[in-house]
Amino acid sequence: MTSPNRERITEALSSVIDPADGKTIVEKGMVQGIDIHDETVNVIIAVDPQRGASLEDLRLAAERAVANVNGVTTARVALTAERPKGASAPAQGGHSHPHSHDHTHGAQQGAPQAGQRPQGAGQKPLEMTGVRSIVTVASGKGGVGKSTTSVNLALSLAAKGLKVGLLDADIYGPSLPRMMGLRDAKPTHSDKEGKMVPPSAFGIRIMSIGFMVDEEQPVIWRGPMAMGALEQLLRDSDWGELDVLVVDMPPGTGDIQLSMAQRVPVTGAVIVSTPQDIALLDARKGLNMFRKVNVPVLGLIENMSYYKCPECGHVDHVFDHGGARKAADELGVPFLGEIPLDLKIRLGADEGKPIIHTDPDGEHSKAYAAIADKIAAAIDERVGPKTAPKKSLFPKISFR
């Protein structure tokens, strides 16, 4: 099989016509970036923000054109909005940039009306047909065990009889393929047009950019490219019917977090932190970001809360203790529970054998299960029980 190259991709995109004037997107200079990783090709197309919502057909046409190039197995095309030169700064409710781009985290031409969720790059919200609820697991900083928590919470929810999916939203540092024992797995073609079936493990479907790039290959993409890839993982995955999609978010409060809030009907966010002050400071920032975009915060989890000696039972608070509970009380959100620091949890994550699977009746699994019970109850409160029609998943945003 011939490997794809930039010249052949550009030639293919030369067949894609902008309906506004009949010119090709290459001729008009709309192709902002082409990124090739083996047989996977990612393309960024710049569009007028006022036309963004009407150009889905153009995006799909570009995606088909790239996918038809010999040697391409995965094609992703994302739209990014280009602010016209000389355009005035966004109206109140957004924020200005020193450069001319208006990516998905900025306001559009004109401010959103009060009570409405702002949309990134003039695009419509992603339709997540068949997905009853979406729960993001986030942290203000890395190294607090967020991905391990995401995996074990997803498995705990599945153990309750729920249909669960798991999405790795950390485009730059995907870890779920290793944690779920799927390092060599690849998505397969679905019988639904344009869809791919995520690999499965332990009874749940998992999607990650890590299935499409080498584990040791860095993903060096600008924000719009990463957000476009994340949207495609969401949009083009055949999740089937899910009660809950658990999303393992990247750490921090950057473009991907805001894109998720703007484009995806998130039911609620769970914040993971360790007990020490520096981690809690960043956790507060993450929590307040979700509040600003009006995504409900389902609660805080204190990970690595304590260490219990397996020999004598002595409890040691390595990273302090009780900080997340105190922060939850101060911020007025539920405290979901404590997860201990334990070698078995870490080894299970590294070996692709989550502790919920290897020791389902152990103390640690019971701690995850208790937190999963609270999250399931919060989902029922937000979107209704499984037997009831699903309520709208899009909360409103207020600007104050």
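This is a predicted model: local features need pLDDT of at least 70, side-chain atom pairs count only at pLDDT 80 or more; totals for chains, interfaces and linings use all residues.
Trainee: What do Arg346 and Asp350 form, and how far apart are the closest N and O atoms?

Mentor: Arg346 and Asp350 form a salt bridge, with the closest N and O atoms 2.7 Å apart. The term requires a side-chain nitrogen of Lys or Arg within 4 Å of a carboxyl oxygen of Asp or Glu. As for accessibility, buried means under 20% relative accessible area, exposed over 50%, and partly exposed in between, with a 1.4 Å probe and protein chains only. Arg346 is partly exposed because its relative accessibility is 44%, and Asp350, at 38%, is likewise partly exposed.

Trainee: How many salt bridges does the structure hold?

Mentor: There are 15 salt bridges in the structure. One of them joins Lys28 to Asp18, with 2.5 Å between the closest N and O atoms. Both residues lie in the loop between α1 (6-13) and β1 (31-37), so the pair ties together parts 10 residues apart in sequence. Lys28 is partly exposed, at 32% relative accessible area, whereas Asp18 is buried, at 0%.

Trainee: Which residues are linked in a network of salt bridges?

Mentor: The network links Glu56, Arg59, Glu63, Arg235 and Asp236. Within this group, Arg59 pairs with Glu63 at a closest N to O distance of 2.8 Å. Both residues lie in helix α2, four residues apart, about one turn of the helix, and both are buried.

Trainee: How is a pocket to be read, and what is the volume of the largest pocket?

Mentor: The search uses a 1 Å grid over the protein atoms alone; a pocket is an open set of points where a 1.4 Å probe fits, with protein on both sides within 12 Å along at least five of seven lines, and lining residues have an atom within 4 Å of a point. Grid points are joined across faces, edges and corners, and the volume is the space filled by probe spheres set on the points. For the largest pocket the volume is about 890 Å³. Its lining comprises 30 residues, with Thr73, Ala75, His189, Gly194 and Gln232 nearest the centre. Elements giving two or more residues to this lining are α2 (56-67), β3 (74-82), β7 (188-189) and α5 (223-235).

Trainee: Which element gives the most to the lining of the largest pocket?

Mentor: Helix α2 gives the most, with six residues. By class, the lining has eight nonpolar, 10 polar and 12 charged residues. Ala, Val, Leu, Ile, Met, Phe, Trp, Tyr, Cys and Pro count as nonpolar, Asp, Glu, Lys and Arg as charged, and the others, Gly among them, as polar.

Trainee: At which residues does UniProt place the feature "binding site"?

Mentor: The unreviewed UniProt entry places it at Gly140, Lys141, Gly142, Gly143, Val144, Gly145, Lys146 and Ser147. UniProt positions follow the numbering used here, feature names are shortened, and annotations may be inferred rather than shown by experiment. Gly143 lies in the loop between β5 (134-138) and α3 (146-159), and Val144 is also in the loop between β5 and α3.

Trainee: Is Val144 buried or exposed?

Mentor: Val144 counts as buried because its relative accessibility is 3%, whereas Gly143 is exposed, at 72%. A contact means heavy atoms within 4.5 Å. Leaving aside neighbours within four places in sequence, Val144 is in contact with Ser139, Val272, Ser273, Thr274, Ala279, Asn303 and Met304.

Trainee: Which residues does Thr40 touch?

Mentor: Not counting residues up to four places away in sequence, Thr40 touches Asp35, Thr74, Arg76 and Met212. Thr40 belongs to strand β2, residues 40-47, and is buried, at 6% relative accessibility.

Note on methods:
Residues are numbered from 1 along each chain as its sequence is written. Side-chain values use heavy atoms; hydrogens and water are left out.
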